[in-house]
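Dear colleague,

I am passing on the structure we spoke about, so that you have it to hand while you read. Please open it first, and then go through the notes that follow.

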Amino acid sequence: MNKEQFDLLLRESDRFPPPHGMRLSYGTAGFREDASVLLSTMYRVGILAALRALKTEAVIGLMITASHNKVSDNGVKIADPSGGMLTQEWEPFANALANAPSSRDLVRLINEFAEKENILLDGSKSAQILVARDTRPSGEVLLDAAKNGIGSIIGAVAQDMGILTTPQLHWMVHVRNKGLESSELNYFDGLSNSFKWLLDSNPNNNELNDWDKRLVVDGANGVGGQKLELLKEKLNGLAIEIRNSGKGEGVLNERVGADFVQKEKIVPCNFGSQDVGIRCVSFDGDADRLVYFTVPSGSSNKINLVDGDKILSLFAIFIKEQLTILAARSKDTKIAFEPRLGVVQTAYANGASTQYLKDLGLEVVLTPTGVKYLHEKAAEYDIGIYFEANGHGTVLFSDYCISLLQPSYLELSNVFAGSEPHKAALRLLAISKLINQAVGDALSGLLLVEAILRHKNWSIHKWSELYQDLPSRQLKVKVVDRTAVETSNAETKVVKPPGLQEAIDLEIAKYPQGRCFIRPSGTEDVIRVYAEASTQEAADDLANSVAKLVDQFLGDGSSK
């Protein structure tokens with residue numbers, strides 16, 4: 001680090017002193033906290049983004065959002081060159097950077113890390129960082145702090161993309177690093193065009209006069225509703241009504257949004273008896289999650305939830321059908337197209353969904369909890385589908401898969417134009433362009449759900465009845481030290497303390513269709529308990545009995 005760089009960092013970092021008595025940790029969601037204490041963190045993450053851009057020699061993203069958290073919170077996360085999350089190898093440095101106690105400690109830390117990573121801090125290289133924020137009132141001043149951080153690294157430049165959904169920024173980073181056009185208009189055009197291709201390839205278009213085009217969207221009073229207002233102007237085939245768009249008096253994520261709907265299983269604000277029988281969908285605050293629901297007749301505020309497990313199942317069914325159609329014709333073409341399709345879930349996925357997918361003949365694997373693990377595993381397949389029950393997920397197509405699919409489509413265009421195999425290849429290509437290849441995306445996910453339901457001429461009720469969820473219960477047990485529990489097999493088996501897993505197995509054996517696992521929280525000294533069984537009473541009893549076992553082995557006498 002030369003003197004000019006040293007002096008610049010020292011001078012600028014003095015303007016953003018860290019809050020006293022607070023330690024921040026970078027996780028799947030990046031840094032999140034009350035917005036009032038985040039100025040220093042934003043400045044330092046700006047530096048982090050600039051260093052990452054210099055190291056990778058690629059465009060990096062910086063998104064200011066706290067997703068489904070309350071409006072007074074905010075947060076920040078980095079998008080790597082792929083458009084995915086910051087590599088886990090850099091998370092310890094992110095933590096050290098955010099928690100450095102003084103400006104001199106900060107500069108020393110940066111210098112040491114740059115030397116270790118062979119990052120030149122002499123202004124000889126340029127770096128570009130795309131920055132954006134959601135609609136939170138605190139976002140503007142926090143974004144300015146992040147820009148200051150980026151500008152504190154000589155050669156690094158922030159390009160402000162404005163107010164975006166989190167998936168939009170991740171998409172922009174992904175396509176920018178592929179050398180493609182990456183404006184918001186390009187994003188909308190990509191979604192609307194690929195949605196149209198899917199609708200046009202539907203063999204049942206002439207028989208869909210009674211298919212219900214109505215869709216009511218809960219925008220969580222966040223950025224997703226605002227962006228859907230722009231996108232829907234480019235869409236045909238859907239009659240979309242947007243509520244909780246953020247333009248009225250509603251508060252971001254307050255009794256609205258995917259997180260609220262999925263956890264509470266009641267209608268969000270401004271929904272009710274007038275919506276009986278209509279397809280409804282909720283986005284979360286930054287539009288990277290979605291869940292569907294219906295309002296049953298005669299209910300005051302309850303809903304029938306169609307969660308991320310059901311969205312995954314719908315996508316898996318449709319993609320498998322297209323691959324089966326293509327495989328039947330592959331013997332007549334020059335290009336052998338037999339991609340490996342995989343479905344990735346966590347242990348929190350309802351056991352009924354996992355069994356349903358396995359019964360379809362799909363390869364289903366579990367990973368530890370966290371989007372980064374799901375995404376990483378899904379990327380190992382030619383086509384990998386992952387979703388969490390909370391509605392976060394996507395479909396990944398490998399470069400190898402696209403390299404075979406594109407020529408297969410062209411060959412079928414020449415030989416079997418208009419045939420079902422030709423249309424199947426088109427549908428798969430359209431899905432690869434429609435679904436966000438970087439992260440879960442409520443806007444693209446919604447369009448893929450709608451295209452598939454229309455293709456199959458399914459109501460939301462028929463979709464919801466693919467399988468019946470097993471009753472479940474989740475509990476938390478306070479413990480002195482959560483690190484005393486170690487797990488394996490995607491967090492489904494306890495390795496330590498010895499004897500606990502055997503005791504859990506004895507409890508599980510008492511209940512029909514019983515399943516139960518425990519895992520340490522990533523943020524607090526609690527052990528989380530998840531239980532399923534054939535009835536709600538049995539699931540409750542199993543969860544409570546295992547919670548007592550956890551307490552006996554290492555608890556402090558309380559659970560909830």
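**Two residues and one annotated span**

Asn390 sits in the loop that runs between β13 (383-387) and β14 (393-397); please keep in mind throughout that this is a predicted model. Because its relative accessibility is 14%, and buried means under 20%, Asn390 counts as buried. A polar atom of the Asn390 side chain lies 3.0 Å from the backbone nitrogen of His392. If neighbours within four places in sequence are left aside, Asn390 is in contact with Gln262, Arg289, Leu290 and Val291.

The second residue, Leu429, belongs to helix α14, which covers residues 420-434. Leu429 has a relative accessibility of 6% and therefore also counts as buried. When residues up to four places away in sequence are not counted, Leu429 touches Leu405, Gln406 and Tyr409. As for its separation from Gly139, which is 290 residues apart from Leu429 along the chain, the C-alpha atoms of the two residues are 37 Å apart.

In the model, the span of residues 55-90 is 6% helix and 33% strand, and its end C-alpha atoms lie 11 Å apart.

Terms used
Residues numbered from 1 in each chain as written. Predicted model: local features only at pLDDT ≥ 70, side-chain atom pairs only at ≥ 80, totals over all residues. Heavy atoms only, no water. Helix = DSSP H or I, 4+ residues; strand = E, 2+ residues; numbered from the N terminus. Buried < 20%, exposed > 50% of the residue type's maximum accessible area, 1.4 Å probe, protein only. Polar contact = N/O pair within 3.5 Å; in protein donor to acceptor, adjacent residues only side chain to side chain. Contact = heavy atoms within 4.5 Å.
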